[in-house]
Amino acid sequence: MIKIALFSAFISLVLSACSLEPVQPWDRDLLAQKKMQLVADPLEIYLDEHTYFSKEASSGGQSVGGGGCGCN
Amino acid sequence: MQLKKTRQGAGPRNIRRQLAAATCGLLAGTSHAGGLIASGDNWKIDSALLIYAEKDRVSLAEGILSISKEIDDDEFINARIVTDVLTGSSPNGAVPSNTAQTFTNPSGNSRYTEAANTTPLNHTFKDLRNALSVEWDTPLSRSLRGTLGGNISREYDYLSTGISASLAQDINQRNTTLTFGLSLNKDTWDPVGGVPVGFTVMPAFPAKKTIEGANTDKTVKEILFGVTQIINRQTLMQVNYSRGQSDGYLTDPYKILSVLENDGSGNLRGSNPYVYENRPDQRTYQSLYWKGVHQFPNENVLNLSYRYFWDDWGIQSHTVDLRYRFDFDGGHYLQPHLRYYQQGAADFYRQTLIDGEETTLPYASADYRLGEFVTQTIGLKYGYEFKNGAEINFRAEMITQKGKDRSADAVGILQNQKLFPDNEAYLLQGGLSLDSDMVIKYIMSFFK
């Protein structure tokens, strides 16, 4: 059920892209700010992912690759 | 609290670069290094130092240096060097007992004794890890970007090497970015004392464990499809689907299971009461990930994500991560962080075995990371953005892990013990980001 809901959200986002009012380049001043990036602080996210990778059975989702470790 | 005015201290070229990054390739979701924006001829330098300490367990210090440069028009390279030092104790998989327990060290050259009624920990962990990753991010056409990456990391007993590639295609007047990524990792275990054969006994010192070889390896392949969408002038969203497959040695060579008498007493069996864990040699996992970033009229920014993860070992998890940034006058900001993670156990997760089960079960592991638990994180970050674009920041976080005991494993006297090793950890981090030009000016100032 969760998977169906999430896949539906995935498809809806793709389809909604066609119906949204496009934001023009000259209106992207806010989106260009560092704090508005999807990964605003890459090192912080890297450290978090490394920490939780070694303490939980789930990992990834945001990106591919990144390397493994024999973590304890 | 006085909210700060918009700061644009990075200079016109940097603003153009940031606009280009936001316009042309919403790449931040395709790689760890994504989002780094080098400014013109200078190198962008990001660094961080992390101190991570678990209560009575592992402590870790980790330093990162990341440098990025625009080598051609809209073409970037990034290199990241990571070093971490780890020391302390980790649960070995055995359950607490009402008497002291003696275990053989992984090397087989010594033994250690854990007190009664405490979680048995392996105290021998001491490791130094060095890692290097590089990434090349280049435009392939007006609306298509490509990224190639490689990484290698080396520990005392573990080597990891990998490559990754991704494509990001802008469509819909560059309001939508479709991403596709692939990665391949090859890891080699070289465990202390060799690779134990699954379900064989941990022999009492000085006898040696049964090993299948000195080292072993695994391969990890991952694929990702993503959509990043500009919703409006203040809002950005991303949805990713990823799938990965691990093949090879997926067992932890240092983890064991307690074997109980077959009489419901909960007592350890009389001889050889510990066996090495044994996991399947293949795992397929998938995840759906959603992230939204929104800026409010007061310039505060909400960064919210959710991940649903599942695999063919029976593990499912939900992760919610929330960061909310409050901006203040003069370049200061505060960012609280909340994270909630809930995981269900692997099908073969067992906290104990009953005498004989090690010969009938195909797989079993008592590694708490495969159990049913909740992780909660609460933290606060403070940052200061200088007018020249540099930034310094600090954060402190507390992480708690609380798990469930399997009632089927808590038999007899074990009903009075806490079988899941709950954990509490503290994290401190300092970060500094600056431009190579700033460093040169600072050094030159000493010679004037």
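## Secondary structure and basis

Helices (H or I, at least four residues) and strands (E, at least two) are DSSP runs, numbered from the N terminus. By this assignment chain B has 3 helices and 23 strands. The radius of gyration of chain B, taken over C-alpha atoms, is 25 Å, close to the 22 Å that the globule rule gives for 448 residues, so chain B is as compact as a globular protein of that length. The globule rule is 2.2 Å times the number of residues to the power 0.38.

This is a predicted model, in which local features need pLDDT of at least 70 and side-chain atom pairs count only at pLDDT 80 or more, while totals for chains, interfaces and linings use all residues. Residues are numbered from 1 along each chain as its sequence is written, and chains are lettered from A and ligands numbered from 1 in the order in which they are written.

## Overall dimensions

The C-alpha trace of chain B spans about 75 × 45 × 40 Å along its principal axes.

Strands pair if DSSP finds at least two bridges between them. Strand β1 (residues 43-54) and strand β2 (residues 59-72) of chain B run antiparallel and are joined by 11 bridges. B:Ala48 stands opposite B:Ile64 in β2(B). The hairpin of β1(B) and β2(B) has 4 residues between the strands, and B:Asp56 takes a positive phi near 65° there.

β2(B) also pairs with strand β3 (residues 75-91) of chain B, in the antiparallel sense over 13 bridges. Here B:Gly63 stands opposite B:Thr83 in β3(B). The hairpin of β2(B) and β3(B) has 2 residues between them, with B:Asp74 in the turn at a positive phi of about 65°.
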